[in-house]
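Take a walk through this structure, one kind of contact at a time. Keep the sequence and the 3D view side by side.

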Amino acid sequence: MQDTVIDWLKLYPVLFTVVCIAVLVLFAWAANFVVKRILFRAVNKLVSLTSLRDEKILVRHRAIVRLANIVPAMILSMGIKLVPGLPLGVALVVGNVCSAFVILTIALAVGNFLDIFNILWSKRKDAVHKPIKGYVQIVKIFIYLVAAILMIAALIDRSPIILLSGLGAMAAVLMLVFQDTLLSLVASVQISSNGMIQTGDWIEMPQANADGDVVDIALHTVRVQNWDKTITSIPTKKFLTESFKNWRGMTESGGQRIKRCLFIDQTSVHFLTQEEEDHLRDFVLLRDYLADKDKAIAEWNRKYDANSAVNYRRLTNLGTFRAYVEKYLRHHDRIHQNLTLLVRQLSPTAEGIPLELYCFTNITAWGAYEDTQSDIFDHLLAILPEFGLRVFQSPSGADFCTLAALARPAAEAGAPGVLQSATAEKGIR
């Protein structure tokens, strides 16, 4: 019966050719379906034996699908030549297209496997310090370039050596076209080898409006997620030609710096009276300091026979407050005691005497760092009056209203100079 059908179809050559093409396409589709199922089962069985059994990396990156597509292309390439009644030129074109498709499919599959390898590598503990995404992209570019040459050679049915021989003359053009890629390649290699930036680093590059964590390092760009959750893409080569700040050293040291000043009103600085000194002895942090200072001052005054108050060496409220701040930081549970800790007085300015705190917290999380810094200065601002000190603040409308309220009753009584007296008293206290 089969021979009868074939003999009958031969009576209609065009129909016979169409039926043969349809059978060939159907066979190629069936082969593709079977190969996909076989590959999926085999790969799933292998993956189930590894730590990746809960992930579908191969499926997500279509590597198996691309490999399965090679089979129908090869069937069509070989089977088209056996179709009766088909012009030789058509069979040649279909064969060349199928060959080019096979090359393209293999190149894309290799690219998918490289992406999978990059994902698996990124799961390693040392992947942060040695990212390979840039190198993977370089290899993919090379593979796609070679695949493009082979595809063109397959389509025009010529040897790829002919095309490769012409690339020498096109070297200058290729370098011009791929100059950004070449510069990025050099930058990527230097960044990786020198460890300039790593995924997870906090970097600042003001000229690129970047201030946040590095989330991806690729061949052409480095992506930074800013603190406002926006994404900034920076060309890789800019990290060699422009300056930027990497906060990794701060994170690795385990401390974040506090460098801020309290501006003390200069008119509030004075020598401590005995009553004030006795009051400050109630501070636990100052007992040892005051005891040591009293001994040193008494010995100095005795040595130089200071018999007048102007010759006495005495404690000041500002110096005692500075000692208190240092003791307070030394006993603070969120201040890093193994890094630099200074409380220093800077040159006086028109805004008062700057008392600078220079120290490091033992936490690097941004929110906890800001809370710690704020808590420290809240305490210092609140305790300043205990030392008879005032923070400098430019006069506001409320200050002038207070002075006017103090001066009004006396002015109505006809007392001269009351406003000036109130102003002077306000400045001293």
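A residue is called buried under 20% relative accessible area, exposed over 50%, and partly exposed in between (1.4 Å probe, protein chains only). C98 counts as buried because its relative accessibility is 10%. C261 is at 24%, so it counts as partly exposed. A disulfide is a covalent bond between the sulfur atoms of two cysteines. Here the rule asks for a pair of cysteine sulfur atoms within 2.5 Å. By that rule the count is zero disulfides.

A word on the model itself. It is predicted: local features need pLDDT of at least 70, side-chain atom pairs count only at pLDDT 80 or more, and totals for chains, interfaces and linings use all residues. Residues are numbered from 1 along each chain as its sequence is written, and side-chain values use heavy atoms, with hydrogens and water left out.

Now turn to the rings. Rings of Phe, Tyr and Trp (its six-membered ring) pair if their centres lie within 6.5 Å; planes under 30 degrees apart count as stacked, over 60 as edge-to-face and the rest as tilted. The structure holds ten aromatic pairs. One of them joins F239 and F244: the centres are 5.0 Å apart and the planes stand at 80°, so this pair is edge-to-face. F239 has 2% relative accessibility and therefore counts as buried. F244, at 23%, counts as partly exposed.

F283 and F387 make a tilted pair, with 5.6 Å between centres and 45° between planes. This pair links distant parts of the chain, 104 residues apart. F283 sits in the loop between α13 (274-280) and α14 (287-303), and F387 in the loop between α16 (366-383) and α17 (397-412). Such helices (H or I, at least four residues) and strands (E, at least two) are DSSP runs, numbered from the N terminus. Both F283 and F387 are buried.

Some rings meet a charge. A charge sits over a ring if NZ of Lys or CZ of Arg is within 6 Å of the ring centre and within 35 degrees of the ring normal. R314 lies over the face of F271, 4.1 Å from the ring centre. R260 lies over the face of F377, at 5.2 Å.

Next come the salt bridges. Each is a side-chain nitrogen of Lys or Arg within 4 Å of a carboxyl oxygen of Asp or Glu. There are seven salt bridges in the structure. R390 bridges to D265, with the closest N and O atoms 3.3 Å apart. R390 is in the loop between α16 and α17, while D265 is in the loop between β6 (256-264) and α13, 125 residues apart. R390 and D265 are both buried.

R281 takes part in a network of salt bridges with E277, D278 and D294. R281 meets E277 at 2.7 Å, N to O. R281 also meets D294, at 2.1 Å between the closest N and O atoms. E277 has 9% relative accessibility, so it counts as buried. R281, at 29%, counts as partly exposed.

Finally, look at two loops. Most residues other than glycine have a negative phi. N209 has a positive phi near 55°. N209 lies in the loop between β1 (202-205) and β2 (210-217). K229 also has a positive phi, about 75°. Its place is the loop between β3 (221-226) and β4 (231-235). N209 is exposed at 64%, and K229 is exposed at 61%.
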